[in-house]
Amino acid sequence: MRSRHALRGASLLFLTASLAGGALPVFAEDGAKNAPSFAVRTLDGKTFRMSEQIGRPVVLDFWATWCAPCRASMPHFETIQGRYAREGLVVLGLSVDESQAADVRRFAEKQGYHIRIAMADEKLLDQFGPIRQVPTTFFINRRGQVVRRTVGYLDGETLDGYVKELIQP
């Protein structure tokens with residue numbers, strides 16, 4: 001619980017920088033490492049297992065309902081999920097909200113979000129962390145390797161470029 005409060009505080013500190021300067025890439029292809037293995041229950045009741053995604057490009061976005069840059073990025077994730085579904089792209093939003101999953105589901109439905117969404121617990125935050133602010137987005141290639149990590153708002157054009165890199169054979 002304490003780390004989620006710290007995450008929220010750190011996110012607020014970096015909010016202005018994220019909106020002004022865009023996402024900050026902090027991990028690149030030449031330092032690729034295997035994505036952590038995890039399983040989460042999505043808000044629609046299905047189980048998402050990272051181990052079952054080998055062979056598919058994956059975008060994981062750690063976000064929160066209270067985070068303005070997260071809410072601003074979410075339509076772009078919707079767009080790329082639709083645009084690159086035929087190439088096997090998987091987009092998963094991982095909410096760091098302290099509220100109940102039902103509250104996040106209502107928020108997502110009200111906003112018209114259709115990407116898969118699950119709740120990120122402390123263990124998952126630790127596996128991908130340290131995650132000090134949201135949004136934090138991971139791009140995982142077909143071999144299950146994290147090839148890019150960004151922190152902050154992602155505009156549609158930048159996100160599309162990163163996804164094009166992922167789906168190339």
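Mentor: Let's start with a definition: helices (H or I, at least four residues) and strands (E, at least two) are DSSP runs, numbered from the N terminus. This is a predicted model, so local features need pLDDT of at least 70 and side-chain atom pairs count only at pLDDT 80 or more, while totals for chains, interfaces and linings use all residues. Residues are numbered from 1 along each chain as its sequence is written, and side-chain values use heavy atoms, with hydrogens and water left out.

Trainee: Okay, helix H3 then. Which of its residues are buried?

Mentor: Buried means under 20% relative accessible area, exposed over 50%, and partly exposed in between (1.4 Å probe, protein chains only). In H3, which spans residues 101–111, the buried ones are Val104, Phe107 and Ala108. Look down the axis of H3 and its buried residues fall within an arc of 95°, so they line one face of the helix. That arc is taken from the directions from the helix axis to the C-beta atoms.

Trainee: What does the face turned away from the buried side carry?

Mentor: The exposed residues Glu109 and Lys110.

Trainee: And what covers the buried residues of H3?

Mentor: Here you look for contact, meaning heavy atoms within 4.5 Å. The cover includes strand E5 (58–63), helix H2 (68–83), strand E6 (90–95) and strand E7 (116–119). While you're there, check the backbone just after H3: Gly112 takes a positive phi of about 80°.

Trainee: On to charges. How many salt bridges does a search of the whole structure find?

Mentor: You need a side-chain nitrogen of Lys or Arg within 4 Å of a carboxyl oxygen of Asp or Glu. By that rule, the whole structure has 5 salt bridges. Arg106 is partly exposed at 49% relative accessible area, and Asp103 is partly exposed at 35%.

Trainee: Which pair links distant parts of the chain?

Mentor: Asp160 and Arg83, whose closest N and O atoms are 2.8 Å apart. Asp160 belongs to helix H5 (residues 156–167) and Arg83 to helix H2, 77 residues apart. Asp160 is buried, with a relative accessible area of 10%, whereas Arg83 is partly exposed at 46%.

Trainee: What about Arg49 and Glu52?

Mentor: Their side chains meet in a salt bridge of 3.6 Å, N to O. Arg49 counts as partly exposed at 35% relative accessibility, and Glu52 is partly exposed too, at 48%.
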